[in-house]
Amino acid sequence: MSGVFISGTDTGVGKTLVAACLVRAWAAAYWKPVQTGLAEEEGDSRVVARLAGLAAGESGAGRLFAPVHELAAPLAPEPAAAAEGRVIRLADFVLPKPPGSRPLVVEGAGGLLVPLCEGAMIIDLIARLGLPVVLVARSTLGTLNHTLLSLEALRARRLPVAGVVLNGPANPGNRATIERLGQVRILAELPPLNPVDAAGVAGLATAFGEFRP
Ligand SMILES: Nc1ncnc2c1ncn2[C@@H]1O[C@H](COP(=O)(O)OP(=O)(O)O)[C@@H](O)[C@H]1O
Ligand SMILES: [Mg+2]
């Protein structure tokens with residue numbers, strides 16, 4: 001099965017926006033395996049459905065897979081589950097199969113070393129699912145350290161990296177440094193969108209050019 005796992009250098013870095021762009025560009029399916037923070041927000045599946053134009057019915061049929069764990073607290077998965085007396089296990093997560101030959105876009109929670117459950121972090125879920133990683137990073141100051149650390153963690157575990165997406169105002173210096181020191185492909189640079197809506201996402205989807213899972 002083809003697909004990607006979207007992780008990021010941080011929470012709030014643009015993973016969901018990138019997921020929506022790729023779902024739109026590839027007419028892909030989307031899966032958020034573990035969703036936290038539902039006490040305060042609607043959840044990424046609904047955001048992607050809206051931004052990628054996955055209407056209920058024909059175009060959306062079978063393309064949104066429900067999270068395995070949905071948790072209220074705006075915390076990492078392990079503590080959010082503990083707060084509800086629930087237990088997450090790595091074995092709970094099995095790749096769903098999209099209809100036809102659609103690719104699957106999977107979105108993590110937070111960054112790579114976020115605690116998922118006893119004995120496992122998000123990076124262990126990535127290893128289990130076996131999809132190449134799209135790493136979303138800020139374009140601005142602070143991104144070099146976060147991005148290079150994240151790439152080092154992925155490489156230390158020999159996990160495949162599809163590339164990095166830089167989100168925010170274009171920063172050619174940071175781009176060049178990440179390419180050189182990270183030995184990685186920059187898949188796209190996404191400018192600030194205003195408003196963040198389905199039309200804007202349709203426009204950004206073209207920023208990925210020929211990139212395919
Ligand atoms: N390129 C962008 N332009 C405008 N707003 C953005 C952009 N990227 C992200 N955002 C906004 O920043 C917030 C966090 O982005 P999101 O994709 O939800 O991050 P993550 O999934 O990594 O937590 C959202 O409100 C989103 O709309
Ligand atoms: Mg998200």
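What is the volume of the largest pocket? About 410 Å³. The legends below start with that pocket in this predicted model.

**View 1. The largest pocket and its lining residues.** The lining of the largest pocket consists of 23 residues. T11, G12, K15, E41 and G110 lie nearest the pocket centre. Two elements, α1 (15–26) and β3 (34–35), each give two or more residues to this lining. Sorted by class, the lining holds nine polar, eight nonpolar and six charged residues.

**View 2. The shell around ligand 1.** There are 13 residues around ligand 1. Those that come nearest are G12, K15, T16, N167 and L193. Helix α1 supplies the largest share of the shell, three residues. By class, six residues of the shell are nonpolar, five are polar and two are charged.

**View 3. Polar contacts of ligand 1.** At T16, an N or O atom of the side chain lies 2.8 Å from an oxygen atom of ligand 1. Backbone atoms take part too. A polar backbone atom of L193 is 2.7 Å from a nitrogen atom of ligand 1. For P191, the distance from a polar backbone atom to a nitrogen atom of ligand 1 is 3.1 Å. On its own, ligand 1 has 550 Å² of accessible area, and the protein covers 67% of this.

**View 4. Protein donors at the magnesium ion (ligand 2).** Three residues supply the protein donors: T16 through OG1, D44 through OD and E107 through OE. These donors lie 2.0 to 2.3 Å from the magnesium ion. Their spacing in sequence is T-x27-D-x62-E. T16 in helix α1 and D44 in helix α2 (residues 44–51) are 28 residues apart, and this pair links distant parts of the chain.

**View 5. The cis peptide bond at P195.** The bond from N194 to P195 is cis. Its omega is near 5°. P195 sits in the loop that runs between β11 (186–190) and α7 (198–204).

**View 6. Backbone of A27.** A27 has a phi near 50°. That is a positive value in a residue other than glycine. The loop between α1 and β2 (29–31) contains A27.

Methods: Residues numbered from 1 in each chain as written. Chains lettered and ligands numbered in written order. Predicted model: local features only at pLDDT ≥ 70, side-chain atom pairs only at ≥ 80, totals over all residues. Heavy atoms only, no water. 1 Å grid on protein atoms, 1.4 Å probe; cavity = no way out; pocket = protein on both sides within 12 Å on 5 of 7 lines; lining within 4 Å. Points joined across faces, edges and corners; volume = space filled by probe spheres on them. Helix = DSSP H or I, 4+ residues; strand = E, 2+ residues; numbered from the N terminus. Nonpolar A, V, L, I, M, F, W, Y, C, P; charged D, E, K, R; others polar. Near = heavy atom within 4 Å. Polar contact = N/O pair within 3.5 Å; in protein donor to acceptor, adjacent residues only side chain to side chain. Areas by Shrake-Rupley, 256 points an atom, 1.4 Å probe, with all protein chains shown as cover. Donors = N, O, S within 2.8 Å, 3.2 Å for Na, K, Ca; no water.
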